[in-house]
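Load the model in your viewer and keep the selection panel at hand.

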Amino acid sequence: LASSAEGKGALHLVFVQAGFETAMYLVLFLWTPTLNASAVELHGIGVPPPYGVIFALLMASLMLGSHVCQISMSSSDGGGGLSCLQPEAVASAVCACAGVACLVLALVGQTAHWAGLLSLLGFQFCVGVYYPTIGHLRGKYVPLESRAAAAHLAKTLLMLNVLVLLLNLASMPSMVFLVCALVLGVAVFALHHASPDFAHALELTEQRRRQEEEEGSGNSDSDSFSENDSQDRGLLKNKR
C-alpha cells in the first residue's frame, strides 16, 4: 500500500478508519454503564435511565448526521458547496468533534448525566457523518486493486484495538473514553499529514483520465479513417 502516493494516502485512510471505528465500538459497549452511573448520581440508586428512549435518540442522531452529510456533499459536488464541505475537511472535523465528545465523556460522563447524554448524541451525529464521508474518500483515494487489502487491514487493527482496550480497561470507562479521544486526535493528525499524498493522488488520477481520453480519441480517429478508406476503395471499384 505504501509504495506510491496513492498507497500512502490509502494507508492514512486505513489508520483513520481503524481509529474512528475503534472509538465507535468502545462507545457502543460503554454508553449504558456510563449513563447508569450518572443516573445514580442524579436520581439515586434504583432509578435506571430510560434506555429505550435514549437508544432511539442515539439512532435518530446518527440518521440526522448521515442525512446532513449527504446533502452537504451533494451540494459540494455540484460546484455550489463551500471548501469547508469537501470530504477531507469534513472527515477532519468529524474526528475532532468526536474526540471532544469522548473527552467530555471521560471527564464528566459518569457524574453529569445530561452532559454525558448530549456528548453521546453528538458522537452519534459524528458517526452518521463519518460513514458516507469515509466511503467517499475510499472511492476517491484508494486504488481499486488495493481496496480489499485496505479493508482487511483496517478491520484487523480495529479488532485488536477494541479487544486490548476492553480486556484491560473495561472497568474504567473514563480511561477508555480518554484513549478514544487520543486515538481520534491521531486520526485528525493523519488526515492533515495525508493532504500532500491526497493532492498527488488526484493529479495522478487526472493524468490517467486524460491519457485514456487521448487513447480513446486516437482509436476513434483511426477507426473513422479506416472506414473512410474502405468507402473510397468501394467507390473506385464501382467506377471501374
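A salt bridge here is a side-chain nitrogen of Lys or Arg within 4 Å of a carboxyl oxygen of Asp or Glu. The structure holds two salt bridges, and both are visited below. This is a predicted model, in which local features need pLDDT of at least 70, side-chain atom pairs count only at pLDDT 80 or more, and totals for chains, interfaces and linings use all residues. Residues are numbered from 1 along each chain as its sequence is written, and side-chain values use heavy atoms, with hydrogens and water left out.

**Stop 1: the whole chain**

Show the cartoon. The protein has seven helices and zero strands, in the order α-α-α-α-α-α-α along the sequence. Helices (H or I, at least four residues) and strands (E, at least two) are DSSP runs, numbered from the N terminus.

Colour by accessibility next. Buried means under 20% relative accessible area, exposed over 50%, and partly exposed in between (1.4 Å probe, protein chains only). Of the 240 residues, 37% count as buried. Accessible areas come from the Shrake-Rupley method with a 1.4 Å probe; for residues, only the protein chains shown count as cover.

For contacts (heavy atoms within 4.5 Å), take pairs of residues at least 6 apart in sequence: 81% of these contacts join residues at least 24 apart.

**Stop 2**

Side chains of opposite charge can pair when their charged atoms come close. Select Glu 21 and Lys 155, whose closest N and O atoms are 3.3 Å apart in a salt bridge. Glu 21 belongs to helix 1 (residues 5–43) and Lys 155 to helix 5 (residues 147–169), so this pair ties together parts that are 134 residues apart in sequence. Which of the classes, buried or exposed, does Glu 21 fall into? Glu 21 is buried, at a relative accessible area of 3%. Lys 155 is partly exposed, at 37%.

Now select Glu 88 and Lys 140, which form a salt bridge with an N to O distance of 3.2 Å. This pair links distant parts of the chain, with Glu 88 in helix 3 (residues 87–108) and Lys 140 in helix 4 (residues 113–141), 52 residues apart. Lys 140 has a relative accessible area of 28% and is partly exposed.

**Stop 3: the aromatic rings**

Rings of Phe, Tyr and Trp (its six-membered ring) pair if their centres lie within 6.5 Å; planes under 30 degrees apart count as stacked, over 60 as edge-to-face and the rest as tilted. The whole structure has four aromatic pairs. Select Phe 20 and Tyr 130: their pair is stacked, at 4.1 Å centre to centre with 10° between the planes. Phe 20 is in helix 1 and Tyr 130 in helix 4, so the pair ties together parts that are 110 residues apart in sequence. Phe 20 and Tyr 130 are buried.

Move to Trp 31 and Tyr 51, whose ring centres are 6.1 Å apart with planes at 75°, so this pair is edge-to-face. Trp 31 lies in helix 1 and Tyr 51 in helix 2 (residues 51–77), so parts 20 residues apart in sequence are tied together. Trp 31 is buried at 9% relative accessibility, whereas Tyr 51 is partly exposed at 29%.

**Stop 4: a buried serine**

Select Ser 66 in helix 2. Ser 66 is buried, with a relative accessible area of 19%. Leaving aside residues up to four places away in sequence, Ser 66 touches Gly 128, Val 129 and Pro 132.

**Stop 5: the nonpolar patch and helix 6**

Patches are made of residues with over 30% relative accessible area and no salt bridge: like charges are joined within 9 Å, nonpolar side chains (Val, Leu, Ile, Met, Phe, Trp, Tyr) within 5 Å. Select Leu 103, Leu 107, Met 172, Met 175, Leu 178 and Leu 182, which make a nonpolar surface patch of about 560 Å². Helix 3 and helix 6 (173–193) are the elements that give two or more residues to the patch. Helix 6 gives the most, with three residues. Leu 107, in helix 3, is exposed at 65% relative accessible area.

Finish on the buried residues of helix 6, among them Val 176, Phe 177, Cys 180, Ala 181 and Leu 184.
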